[in-house]
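Here are a few exercises to work through with the model open beside you. Try each one before reading its solution.

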Amino acid sequence: MRRSFQLLALLAYIVMSVSAAQAGTLETIKERGTLNCGVNTGLAGFAQQDSRGNWSGFDVDFCRAVSAAIFGDGDAVRFVALTAKQRFEALQSGEIDLLSRNTTWTFSRDTKLHLSFAGTSYYDGQGFLIPKRTKIETALDLNGARICVQVGTTTELNLSDYFQANKIRYIPVRFEDATSAEVLYATGECDVYTADASALAATRAKLDNPEDHTILPEIISKEPLGPVVNQGDENWVDLVRWTLNALIAAEELGITSQNVETLAATTTHRDIGRLLGTQDGLGSHLGVEVDWVVSVVKAVGNYEEIFDRNIGLDTPIGLTRGLNAQWQKGGLLYAPPFR
């Protein structure tokens, strides 16, 4: 009986210790002075590093948005480049505080891996990139094709499921990261490259003759991509989630990096006032300053600004908003009310 009690006491201590370790993420980051954010090793438009070591991209800007929410400074970030295989271990081990790396929200990742997705920052789907010279117009004609696919991703599973369902034979050419895929595809080591459609657009933009390649019309999966944190610290999950919501809400309300300070000082619009902290002081519930959203939008802009700057029509990636348009414009973007 005594031994059972001791065992229960030990288990309770371990659980409390783990909870205590997880519960102070925001405080730990503040004490450290930087946010450790995991990003792609190199995906044009989403996360890429220039020759001077400067990071840019859609996912990179989200890291900066969270940094601005915490510190009032979008540059208090240490970027950690991770492959698909490395990303979850880096998060679970505490090497990074936040994963912002084109990662699909799935049941298994949410439950088995004990991760918390803070929302969907980009609605995507898996497609196929192929040279136009092949004259192939549908994925159903890819029988026997050598297909480049990244290991350890939902992409690999989707590819297998789709070809099995359609009784099509294929030869997988597996790779670790996007850079390897681009080389394999460009040199003809594979006939087709499959990935999220956004990643395919990024790859095509980097090829020597982008116009010689096309993305087939089939989208074979749903890929809700979004930022990820560990489970066990609800305050940290809330901060990351509501930072994403703030970017979406700012676009809806017409708040931009150019007018945010003026609006914060002059607005009488109640929804804008709540978002920018001039009414209700909602930021205090998250453990940040009441004007945290002002800092976020000043640092990176609203969702539209982030999208257009990194992957929009005026960039080499050339993506339309599509499903990632605001809900009033036929898209899926929808921020819960700030009230």
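**Exercise 1.** In what sense do S9 and S10 pair, and over how many bridges?

*Solution.* Before we start: this is a predicted model, where local features need pLDDT of at least 70, side-chain atom pairs count only at pLDDT 80 or more, and totals for chains, interfaces and linings use all residues. Residues are numbered from 1 along each chain as its sequence is written, and side-chain values use heavy atoms, with hydrogens and water left out.

Step one: strands are DSSP runs of E with at least two residues, helices are runs of H or I with at least four, and both are numbered from the N terminus. Two strands pair if DSSP finds at least two bridges between them.

Step two: S9 and S10 run parallel, joined by six bridges. As a landmark, look for Val 149, which stands opposite Arg 174 in S10. To get from S9 to S10, the chain passes through helix H6 (residues 154-165), and this β-α-β crossover is right-handed (with the strands pointing away from the viewer, the path from the first strand over the helix to the second runs clockwise).

**Exercise 2.** Work out the strand order of the open sheet, and find its edges.

*Solution.* Step one: S9 also pairs with S11, again in the parallel sense, over two bridges. There, Cys 148 has Tyr 193 as its bridge partner.

The edges are S10 (170-175) and S12 (213-215), each pairing on one side only.

**Exercise 3.** Why is S9 largely enclosed by the rest of the structure?

*Solution.* Count its residues: five of the six are buried, so S9 is largely enclosed. Buried means under 20% relative accessible area, exposed means over 50%, and partly exposed is in between (1.4 Å probe, protein chains only).

**Exercise 4.** Classify the ring pair of Tyr 162 and Phe 163.

*Solution.* Step one: rings of Phe, Tyr and Trp (its six-membered ring) pair if their centres lie within 6.5 Å; planes under 30 degrees apart are stacked, over 60 edge-to-face, and the rest tilted. The structure holds 15 such aromatic pairs.

Step two: here the centres are 5.7 Å apart and the planes at 75°, so Tyr 162 and Phe 163 make an edge-to-face pair. Both residues are buried, too.
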